[in-house]
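Visitor: I am new to reading structures, and I would like to know what stands behind each label. Could you show me the model and take my questions in turn?

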Amino acid sequence: MYKYLAILNGLLISIMVLLNGTLAKATGLYFSLLIINGLCLIIVILIIIIKKIPIKDILTLPKYLYFVGILGLANITMNNISFINLGATLTMGLVLYGQLLSSIIIDFGGFFGLKKQPFHPKKIIGIVIMSLGILIMVIY
Amino acid sequence: MYIPIAIFSGFTVIISIIMLGSINKKVGLMPTTLVNFGAGTIGSILILLLVKDFNIEILKNVPIYLYFGSVVVIAITMLNGTIINNIPAVYTTMLVFIGQLVAGMLIDYFRLNQFSPGDLVGGIVVLLGLLYNSKVNTPDLVETNIE
């Protein structure tokens, strides 16, 4: 059952990129950021009120963690630019590729307070295969 | 030019996942989502004040369904919270990517009226690479944290 939910999640991510990208095209990149974030904020506030979820703890968070929202803005903007110019499938492939590269770098360097992971040389083979896949998507 | 932008978008996804993960541990899923979009909303207001590039009138001409992107964003967030503890993350990454590929190709087909065999073949090759690396047994971020 969870397997199907994971596939459903993937379908939804593509649909999200379609809807948000099309919105950005209609309203302009920056204005669409406010619309998307503002609507999400309203929905979350409604859920929190309905389910009576306590939120006082968020005031105790280290301040730098609030910047995650800014990262979200960068992410939506880049997704929208990419979707408008490259299409949905290639955007999804490239974003996944970026995720893999960055997690390897972060693991290897032990950044963000995470434990350093030794780099397994065999993983280079998988990375080469994935790079080949991305190349095929870009060229054809 | 657009290719590095999309790849860099993947970088922001991973750093977000790490930060949201550490907020989640402290306060739970919905307050985390509140922080994320609260800060995002404040940030986007600041950006708009800076660039002064918006026109409220435009909203009248935007088809209603485009606003549902935000509903989808919240649905994805809640689904993530359900899935992440119930199947190994490496399978989650692959299954999510399969869903992304299928929907992505359908979207491109209907939007641009073209089917790209390269996207299908390339996507499958990417999946094979993911599968291969999942067999190499080092726990890394992708295997423990992604979506």
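Guide: Chain A has five helices and zero strands. This is a predicted model, in which local features need pLDDT of at least 70 and side-chain atom pairs count only at pLDDT 80 or more, while totals for chains, interfaces and linings use all residues. Residues are numbered from 1 along each chain as its sequence is written, with chains lettered from A and ligands numbered from 1 in the order in which they are written.

Visitor: Why is chain A called more spread out than a compact globule?

Guide: The radius of gyration is taken over C-alpha atoms, and the globule rule is 2.2 Å times the number of residues to the power 0.38. For 140 residues the rule gives 14 Å, and chain A comes to 18 Å, which is well over that, so chain A is more spread out than a compact globule. The C-alpha trace of chain A spans about 50 × 40 × 35 Å along its principal axes.

Visitor: And what are the elements of chain B?

Guide: Chain B has six helices and zero strands, running α-α-α-α-α-α from the N terminus on. Its C-alpha trace spans about 55 × 45 × 30 Å along the principal axes.

Visitor: How do you know whether Ile36(A) is buried or exposed?

Guide: A residue is buried if 20 or more other C-beta atoms lie within 10 Å of its own, exposed if 12 or fewer, and partly exposed in between, with C-beta atoms placed from the backbone. Ile36(A) has 29 C-beta neighbours inside 10 Å, so it counts as buried. Ile36(A) is in helix α2 of chain A. In chain A, 48% of the 140 residues are buried, and in chain B 44% of the 147 residues count as buried.

Visitor: Which residues does Ile36(A) touch, and what counts as touching?

Guide: Two residues are in contact if their C-beta atoms, placed from the backbone, lie within 7 Å. Leaving out residues up to four places away in sequence, Ile36(A) touches Asn20(A), Ile76(A), Gly69(B) and Ser70(B). Ile36(A) and Ile76(A) are 40 residues apart along the chain, and their C-alpha atoms are separated by 9.0 Å.

Visitor: What makes Lys52(A) exposed?

Guide: Lys52(A) has 6 other C-beta atoms within 10 Å, so it is exposed. Lys52(A) is found in the loop between α2 (29-50) and α3 (68-86) of chain A. Its phi is near 50°, a positive value in a residue other than glycine.

Visitor: Where does Asn113(B) lie, and why is it called exposed?

Guide: Asn113(B) lies in the loop between α4 (89-112) and α5 of chain B. With 7 other C-beta atoms within 10 Å, Asn113(B) is exposed. Asn113(B) has a positive phi of about 55° although it is not a glycine.

Visitor: Why are α5(A) and α5(B) called roughly antiparallel?

Guide: Axes are lines fitted to C-alpha atoms, for helices over the stretch in contact, and angles run from 0 to 180 degrees between N-to-C directions. Helix α5 (residues 123-139) of chain A and helix α5 (residues 117-135) of chain B have axes that come within 7 Å and cross at roughly 170°. Angles under 35 degrees count as roughly parallel, over 145 as roughly antiparallel, 65 to 115 as roughly perpendicular and the rest as oblique. The crossing therefore makes α5(A) roughly antiparallel to α5(B). Among the residues making the contact are Gly126(A), Met130(A), Gly122(B) and Val126(B).

Visitor: How many residues of chain A are in contact with chain B?

Guide: 95 residues of chain A are in contact with 95 residues of chain B. On the side of chain A that touches chain B, α1(A) gives the most, with 21 residues.

Terms used
Helices (H or I, at least four residues) and strands (E, at least two) are DSSP runs, numbered from the N terminus.
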